[in-house]
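The following report describes the packing and local geometry of a single chain, with the sequence and model shown first for reference.

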Amino acid sequence: MIDLRFSKAELEARRDHLTTFIRERTAAAGVDDVVLGLSGGIDSTTVAYLAVEALGAEHVHGLVLPARVSSEDNMSDAERVAKDLEISYDVLEVEPVIETLLEAYPAAEGDHEAVGNARARVRAVFNYLVANHDGRLVLGTGNRSEAAVGYFTKYGDGAVDCHPIGNLYKAQVRQLAASMGVPEDLVTKTPTAELWAGQTDEDELGIDYDTLDSILATHIDGPLSKAATVRLLEVDEETVEMVRGLYAASEHKRNVPPAPEPLD
């Protein structure tokens, strides 16, 4: 696979660039404070660390948003991050809202994808409820790898005001996190969106992040042909085609919803 990690100088420059970005986005919105969901995973943890570095702990508020499928370990990690950074946080239960939705529309009961996406959208509603009430900006926690293949919920974890780590591949997020002092067990933790019980990101995607990052960097974002990518990375042609398919199928998630062109 391709080593996408930054040099020390590049990493320092990226870190400064991202903290500056957070300060600029809050200033542009006319607010001093931000809110973000804390899952206990590497992406939200890294954004929390960046936000504290950019704005100060007093200006960052975390939301721990457990649902029925959330593991106790992940929720404990989310609270640990908030406590380590000394930021304020609330614990808001998602499942009562999901239960109300399914009471209104029981046909969706047992549909893992529909209900899982609803959980992500309920979390977004909580983010904006707090943001609107407190006058805060909502920070997203999505990375470049997941955005490219559509591994996020439209109007769920994709519903934010900005994505500070949106241009970093997963391997680069891990590198940045480690450089900022994120605990090693969180840096190496198995990623999961916890949309349903037992779900992991790599199992659902059907590909590990190192391979995904490499295909994206060389073929989707980079100039190499499919054949060259197969030879360079020593991966199956079918794997490259799968990533190409995910990228094409998820284009709608990365764009503003379309409207018809105006008539003359």
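## Packing and local geometry

Tyr155 lies in the loop between H6 and H7, where helices (H or I, at least four residues) and strands (E, at least two) are DSSP runs numbered from the N terminus. Tyr155 has a positive phi of about 65 degrees although it is not a glycine. Glu86 likewise has a positive phi, near 60 degrees, in a residue other than glycine; Glu86 is placed in the loop between H3 and strand E3 (88-91), and it counts as exposed at 66% relative accessibility, given that exposed means over 50% relative accessible area, buried under 20% and partly exposed in between (1.4 Å probe, protein chains only).

The model is predicted, so that local features need pLDDT of at least 70 and side-chain atom pairs count only at pLDDT 80 or more, while totals for chains, interfaces and linings use all residues. Residues are numbered from 1 along each chain as its sequence is written, and side-chain values use heavy atoms, with hydrogens and water left out.

In soluble globular proteins, nonpolar side chains tend to be buried together. Leaving aside neighbours within four places in sequence, Leu139 is in contact (heavy atoms within 4.5 Å) with Val34, Val35, Leu36, Val47, Ala51, Val160, Cys162 and Pro164.

Two helix pairs can be set side by side, with axes taken as lines fitted to C-alpha atoms, for helices over the stretch in contact, and angles running from 0 to 180 degrees between N-to-C directions.

| Helix pair | Angle | Axis separation |
|---|---|---|
| H1 and H2 | about 70 degrees | 9 Å |
| H4 and H5 | about 125 degrees | 10 Å |

The angle between H4 (residues 95-104) and H5 (residues 112-134) is about 125 degrees, which makes H4 oblique to H5, since angles under 35 degrees count as roughly parallel, over 145 as roughly antiparallel, 65 to 115 as roughly perpendicular and the rest as oblique. In this pair, Glu95, Val97, Ile98, Leu101 and Leu102 of H4 meet Val115, Ala118, Arg119, Val122 and Phe126 of H5. For H1 and H2, the angle of about 70 degrees makes H1 roughly perpendicular to H2, and the contact is made by Arg15, Leu18, Thr19, Ile22, Arg23 and Thr26 of H1 together with Leu50, Ala51, Glu53, Ala54 and Leu55 of H2.

Helix H10 (residues 209-220) has 10 of its 12 residues buried, so it is largely enclosed by the rest of the structure. Its buried residues, among them Tyr209, Leu212, Asp213 and His219, pack against helix H6 (144-148), H7, helix H9 (201-205), helix H11 (226-233) and H12.

Within H7, Gln175 is buried, with a relative accessible area of 17%, and, neighbours within four places in sequence aside, Gln175 is in contact with Arg5, Phe6 and Leu11. By contrast, Ala249 in helix H12 (residues 237-249) counts as exposed at 56% relative accessibility; the C-alpha atoms of Ala249 and Tyr151, 98 residues apart along the chain, are separated by 11 Å.
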